Amino acid sequence: MSLPTVATVVAAIAALYFGREVFLPIAIALLLTFALAPVVSALKRIGLPRTPAVIVSVLSAFAALALLSFIVASQVSELAQNIPVYQTNILTKVRSLKETGVGGGIVSRLSRVVERIGQEIERQEPQLPSAAEAPKREPLPVEIVARERPLEVLQNLVGPLISPLASAGLIIIVVIFMLLEREDLRDRFIRLVGYGDLHRTTQALQDAGTRVGQYLLMQLVVNIVYAIPITIGLWILGIPNALLWGLLALALRFVPYIGPVIGALLPLFLALAVAPGWSLLLWTAGLFVVMEMLTGNVIEPWLYGSRTGLSPLAIIVAAIFWTWLWGPLGLVLSTPLTVCLVVLGRHVPQFEFLDVLFGNEPVLEPHARLYQRLLAGDPDEATDHAEEMLEEKYLVEFYDKVAIPALLLGEQDRVRGVMDEQQRQQVAASALTLVANLDDSAQEEAAEEDELTATEDASTAAQKAAAGEGKDAEGEDDIELPDGSGMSVLCTGGRGELDDAAAAMLAQVLEVQGATVSKASFTDMEPASIRRLELDAVDSVVVGFLNRDSVKHARFLVRRLKRARPALRVGIVFWSEAGNKDRQSAEALAGDINADFVAYGMVDAVLGALTDAPPVKLKLAAKRRLRRRPPARKKAALAVAG
């Protein structure tokens with residue numbers, strides 16, 4: 001994040017803090033506009049003109065809020081009148097708590113300790129009066145009683161209500177005008193902020209409106225679904241003013257995390273006061289716990305899931321920040337306001353850090369995340385991520401799209417000189433551990449492959465494999481891998497430990513296809529060691545290179561292996577992120593280095609290793625013929641003849 005961006009953020013925060021009297025009503029009006037815009041659009045679709053649709057929507061919304069406030073006020077008044085009735089039950093429970101424990105009870109002992117501490121604090125050291133000081137009389141308390149006029153009484157009653165009512169009226173007017181001039185405000189915002197990139201600005205506005213509107217609407221639905229069972233349950237349990245607690249639960253659930261807790265405290269206290277025993281308190285607590293778990297784990301993911309685009313930690317941090325900035329109203333508005341900031345960071349490059357900090361999208365691509373775990377020497381977490389992906393992908397897809405690109409990042413770091421030998425060995429060892437950990441998944445996939453092969457018509461499978469029918473999720477050819485039963489393949493790395501790890505991944509995929517696979521290290525491919533390889537029972541050898549500049553080395557390996565066993569099929573894999581897309585280039589390169597096949601991805605490597613095509617014969621290397629210098633006599637004769 002650059003220094004100008006930091007200065008802009010600091011200036012914006014300072015403006016929001018010191019100008020909260022102005023910005024807070026505008027923020028509330030803006031969010032209400034997002035929430036009521038779909039209602040206005042629905043009324044317009046049924047034939048109501050724009051102005052009446054806006055007025056009906058706004059007045060209906062604020063009338064519902066006023067009705068809710070009136071019901072809450074009346075319920076609170078009724079509760080205040082009945083509080084003295086519950087005093088006896090409260091005193092009874094306090095006495096029972098005091099009687100529990102040994103030696104006078106825990107509560108009594110704590111009370112005495114607190115009392116003694118208070119007395120010690122209030123006690124002052126006695127001071128001897130000097131001779132010059134005469135005894136003074138204690139001052140008499142004087143109470144001044146002022147008679148208030150009726151106008152002053154009215155002013156004291158109405159004065160505190162003027163500011164909230166004025167703010168509410170201002171918010172209503174702003175919401176009406178925002179809804180009436182919504183298209184015009186949108187065009188002005190685009191002209192002011194993003195006229196140079198209309199596509200991005202329009203997308204940002206639509207994204208913000210959709211996310212905030214859906215969040216507010218779905219949150220209201222979730223809160224209603226939560227509050228209705230709470231109200232009915234409290235009424236069945238016999239808690240007084242059940243409607244009040246249901247409405248408070250509905251409203252307080254807009255406050256993230258602490259809202260439901262506050263909404264449950266007052267009913268729990270009332271349950272403590274209503275009944276002489278403890279069972280009602282436990283039943284009430286159980287009701288709130290069950291409803292909160294059901295709502296948080298079932299209803300919310302079902303209705304809107306993660307449509308806000310915020311991570312859980314971002315919601316907590318946003319609640320703290322907006323509460324510090326704007327007080328309790330900031331706490332209520334924290335989530336939708338932070339959604340707007342995330343949308344800003346998603347579409348404006350200068351504020352991309354907001355999307356990274358608060359968004360719920362992964363900030364690292366899967367292959368980069370896997371490489372980071374391998375580089376940190378943590379194959380267990382890498383295995384956890386791999387198993388999550390394998391719930392939706394096949395093993396060959398995971399290795400081709402995630403694991404091999406991760407190893408390519410390691411090879412790039414090695415070439416750049418930022419990875420030392422110890423780190424390279426650690427990445428390779430972690431990758432081999434990952435392959436070993438995925439052995440159970442590979443066996444399960446192999447079992448499924450065997451069942452599919454047993455139930456599928458062989459001719460249909462061959463036709464699919466030849467035609468390459470269908471497309472996968474990324475639009476590439478969905479080629480069915482052949483059955484490798486009865487074939488023996490040796491997989492080996494070309495030039496380093498990372499190549500060996502990639503070869504182990506290919507070997508595991510070939511085992512899933514039913515082939516008999518053996519593995520060798522890149523050290524076994526050295527000229528002194530290659531003759532010691534047992535190649536008699538091997539049909540194909542596949543050598544992999546993560547470095548694309550290893551063509552010359554690959555040519556030498558092909559020649560050495562084919563000299564060791566002429567009937568051997570030798571394939572070279574130059575691992576690439578392009579994968580299986582560059583097949584024409586692979587065919588041309590295979591002819592150049594005298595290999596039976598060249599592949600750039602996992603699928604083509606498996607297809608080349610499990611084919612039963614005859615091996616390519618070893619071509620003799622073209623030798624340069626040196627012209628012999630003719631003898632002097634022959635040279636002279638040639639000169640005469642010329």
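Charge on the surface

Guide: Helix H16 gives the negative patch its largest share, four residues. The model is a predicted one.

Visitor: Which residues gather in that patch of negative charge?

Guide: Asp380, Asp384, Glu387, Glu388, Glu391, Glu392, Asp440, Glu444 and Glu448. Two helices, H16 (379-390) and H19 (439-455), each contribute at least two of the patch residues.

Visitor: Take Glu448, then. Why does Glu448 count as exposed?

Guide: Exposed means over 50% relative accessible area. Glu448 has 51%, so Glu448 counts as exposed. Glu448 sits in helix H19.

Visitor: Which residues make the nonpolar surface patch?

Guide: Tyr257, Ile258, Ile262, Leu313, Ile316, Val317 and Ile320, with an area of about 670 Å². Helices H10 (258-274) and H12 (312-326) each provide at least two of the residues. H12 has the largest share, four residues.

Visitor: What makes Ile320 exposed?

Guide: Its relative accessibility is 59%, against a cut-off of over 50%, so Ile320 counts as exposed. Ile320 belongs to helix H12.

Visitor: How many salt bridges does a search of the whole structure find?

Guide: Nine. One of them joins Asp413 and Arg416.

Visitor: How do you know that Asp413 and Arg416 form a salt bridge?

Guide: The closest N and O atoms of Asp413 and Arg416 are 2.6 Å apart. The limit is 4 Å, so the pair counts as a salt bridge. Both residues lie in helix H17 (residues 395-416), three residues apart, or about one turn of the helix.

Visitor: Are Asp413 and Arg416 buried or exposed?

Guide: One of each. Asp413 has a relative accessible area of 14%. Buried means under 20%, so Asp413 is buried. Arg416 has 59%, which is over 50%, so Arg416 is exposed.

Visitor: What about Asp592 and Arg555: what makes that pair a salt bridge?

Guide: The N to O distance is 3.0 Å. The pair ties together parts 37 residues apart in sequence, because Asp592 lies in helix H23 (residues 583-593) and Arg555 in helix H22 (residues 551-564).

Visitor: Why does Asp592 count as partly exposed?

Guide: Partly exposed is the range between the buried limit of 20% and the exposed limit of 50%. Asp592 has 47% relative accessibility, so Asp592 falls in that range. Arg555 has 26%, so Arg555 is partly exposed too.

Visitor: How do you know that Asp596 and Arg569 meet in a salt bridge?

Guide: Their side chains are 3.7 Å apart, N to O, and the limit is 4 Å, so the pair qualifies. Asp596 is in the loop between H23 and strand S5 (597-599), and Arg569 is in strand S4 (residues 569-574), so the pair ties together parts 27 residues apart in sequence. Both Asp596 and Arg569 are buried.

Visitor: Which residues are linked in a network of salt bridges?

Guide: Arg373, Asp378 and Glu381.

Visitor: What is the nearest side chain of opposite charge to Asp499?

Guide: Arg495, at 6.4 Å.

Visitor: What is Asp499 in contact with, leaving aside its neighbours within four places in sequence?

Guide: Gly493, Gly494, Gly544, Phe545 and Leu546.

Visitor: Where is Asn594 found?

Guide: In the loop between H23 and S5. Most residues other than glycine have a negative phi.

Visitor: Why is Asn594 called buried?

Guide: Its relative accessible area is 7%, under the 20% limit, so Asn594 is buried.

Visitor: And the protein as a whole?

Guide: The protein has 25 helices and five strands. Of its 642 residues, 37% are buried. The accessible surface comes to about 39,200 Å², with 61% belonging to carbon and sulfur atoms. Among contacts with a separation of 6 or more, 73% are between residues 24 or more positions apart.

Key:
Residues numbered from 1 in each chain as written. Predicted model: local features only at pLDDT ≥ 70, side-chain atom pairs only at ≥ 80, totals over all residues. Heavy atoms only, no water. Patch = residues over 30% accessible without salt bridge, like charges linked within 9 Å, V, L, I, M, F, W, Y side chains within 5 Å. Areas by Shrake-Rupley, 256 points an atom, 1.4 Å probe, with all protein chains shown as cover. Lys, Arg positive; Asp, Glu negative; His and termini not counted. Charge placed at Lys NZ, Arg CZ, Asp CG, Glu CD. Buried < 20%, exposed > 50% of the residue type's maximum accessible area, 1.4 Å probe, protein only. Contact = heavy atoms within 4.5 Å.
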